[in-house]
Amino acid sequence: MVQFSRICFRKYGNFVDNLRLYVQGGSGGMGLPRLGGQGGNGGDVWVVASKNMTLRRVKDKYPKKRFTGTAGANSSVRSLKGERGEDQEIFAPVGVTVTADDGRALGDLNALGDRVLVAKGGHGGSPYSAFKPTKGEFQHIRLDLKLIADLGLVGFPNAGKSSVLTALSNATPQIGSYAFTTLKPEIGKLMYKDHKQISVADLPGLIEGAHINKGMGHKFLKHVERTKQLLFVVDVCGFQLASKTPFRSAFGAVQLLTKELELYNDELTSKPALLVVNKMDLPEAEDKLAQLQEQLQNPDEFSDLLPDNMIPKNYMTFRHVVPVSASTGFGIEHLKSCIRKSLDEDEATATKAIHHDRLQALRQHSQKRL
Ligand SMILES: Nc1nc2c(ncn2[C@@H]2O[C@H](COP(=O)(O)OP(=O)(O)O)[C@@H](O)[C@H]2O)c(=O)[nH]1
Ligand SMILES: [Mg+2]
C-alpha cells in the first residue's frame with residue numbers, strides 16, 4: 001500500500017527538455033496629434049539565462065506559456081513623451097537554443113546572463129506615423145535544451161559502464177578496474193538495421209557525495225541533465241568503492257544513484273530510465289538478480305536495509321530491467337532493442353504533443369476570427 005501511495009504522489013509528467021511559448025512585444029502608446037506628442041514604445045520580450053532554472057520550472061510557473069511586454073504609455077498633455085513599456089524576461093536555464101516556430105535560429109544561452117530578444121515592442125505613435133502606434137512583434141518560439149546524447153550511463157565506477165558501451169556500440173572507451181577510468185564523456189553510437197542511430201554518453205563515474213561535488217560530481221551531473229533518458233548500470237554482485245567505504249548491494253547501488261541525482265536536481269529522477277544489471281557471468285548472479293528484482297518490486301519493504309539518508313523520495317521506475325554480461329555478450333542484443341523501444345516510445349509521445357499544441361493554436365486562432 002505504501003508503495004502505491006508513493007506512485008500516486010509522484011510528481012506528474014517527465015523531465016522537460018523542450019518548451020513552446022507564445023511571445024508578444026507590448027504595443028506602442030498613442031501619439032498626441034494636437035501637441036505633436038509621441039507615445040512610448042512597447043516593452044520587448046527576452047529569454048535570459050539564469051541560475052537554478054529548468055524548463056520544467058518555466059512550464060510550472062507559467063502554465064499559459066504566454067509572455068507579453070507591457071504597452072507603451074499614451075502621450076498626454078501632462079507627459080508628451082509617453083513612457084516606454086516594461087520588458088518581459090523569461091528566465092531559462094543555460095544550455096538552451098532558442099528558435100522560431102519555422103526553425104529560424106534566434107540565439108543560444110551559453111552562459112549565465114546571456115539574453116536573446118524574441119519579440120520587439122511596437123513603436124509609439126509619432127509625427128512620422130500620423131501619431132498611430134504599431135503593435136509589438138509576436139510569434140511562437142521553442143526553447144530546446146541542447147543534448148549531448150540520447151542516453152546517459154549512470155553508475156558507480158567499475159559497474160561496467162564502459163564495457164557495456166563497448167559491447168553495444170563501435171565505441172572503444174578505456175576499460176580498467178580502477179575508479180575514474182572515464183575522464184570525459186565518451187559518446188558511443190548504436191547502429192540499427194534500419195540505419196537509425198542512437199547516441200550513448202559514458203560519463204565520469206558517479207560516486208557517493210557527487211551532489212556535493214565530490215569526485216567529478218557536478219561535471220557528471222550536469223551531463224546527465226543533457227540526455228533524454230538514463231541507463232543505470234549496476235554490478236549484480238554489488239560494489240565497494242574502497243576498503244573504507246561500506247559494501248553496497250545492487251539494490252543499494254540503484255537507490256544510492258537515485259539519491260545522488262535527486263539531491264542535485266529532483267527532476268532528473270523523473271527521466272525515463274532503464275536498468276542494466278551487468279556481470280551476469282559471475283557465480284550466483286542468477287540468485288542475486290532474482291533478489292534484486294524482488295526488492296525493486298517492493299522497494300519500501302526493503303528500504304530498512306538502507307541508511308535513512310540513502311532512501312530517495314521517489315524510487316526510479318525502470319521501463320526495462322535488463323540482465324547482461326558485457327564480458328560474454330549475454331543480453332546485449334536484447335538491451336539494444338529495449339533502448340530502441342524506449343526512445344521510439346518517447347518520440348511518438350513528443351510528436352503527438354507537438355500536433356496537439358499546433359491544433360490548439362489553430363483553434364484559438366479561428367475562434368478569434370469568428
Ligand atoms: N565478470 C565481468 N566483469 C566485467 C563485466 N563488465 C565489466 N567487467 C569488468 O569490470 C571492471 C570495470 O569495468 P569498466 O567497464 O571499466 O567499468 P566502469 O568504471 O563502470 O566504466 C573491468 O575490470 C571489467 O573488465 C562483466 O560483464 N563481467
Ligand atoms: Mg568507465
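Me: In which sense do strand 2 and strand 7 pair, and over how many bridges?

Reply: First, the idea: helices (H or I, at least four residues) and strands (E, at least two) are DSSP runs, numbered from the N terminus, and two strands pair if DSSP finds at least two bridges between them. In this predicted model, where local features need pLDDT of at least 70, side-chain atom pairs count only at pLDDT 80 or more, and totals for chains, interfaces and linings use all residues, strand 2 (residues 45-49) and strand 7 pair in the antiparallel sense over 4 bridges. Residues are numbered from 1 along each chain as its sequence is written, while chains are lettered from A and ligands numbered from 1 in the order in which they are written. For a spot to look at, V47 has V116 of strand 7 as its bridge partner.

Me: What is the strand order in that open sheet of 3 strands, and which are its edge strands?

Reply: The order is 4-2-7, with mixed pairing. Strand 4 (88-92) and strand 7 (115-119) are the edge strands, as each pairs on one side only.

Me: And the open sheet of 5 strands: what is its order?

Reply: That one reads 3-1-8-5-6, again a case of mixed pairing. Strand 3 (66-68) and strand 6 (105-109) each have a single partner strand, so one side of each has no neighbour in the sheet. Further in, strand 5 (residues 96-100) and strand 8 (residues 138-145) run antiparallel, joined by 5 bridges. There V98 stands opposite L143 of strand 8.

Me: How do I read a core?

Reply: In soluble globular proteins, nonpolar side chains tend to be buried together. A residue is buried if 20 or more other C-beta atoms lie within 10 Å of its own, exposed if 12 or fewer, and partly exposed in between, with C-beta atoms placed from the backbone. A nonpolar core is a set of buried Ala, Val, Leu, Ile, Met, Phe, Trp, Tyr and Cys residues joined through C-beta atoms within 7 Å. Here the largest core has 49 residues, and V200, L231, F232, V254, V276 and V277 touch the most other members. Helix 5 (residues 250-264) supplies the largest share of this core, 8 residues. A second, separate core of 19 residues includes F67, I90, A119 and L143.

Me: How many residues of helix 5 are buried?

Reply: 13 of its 15, so to speak mostly covered. Across the protein chain, buried residues make up 41% of the 370 residues.
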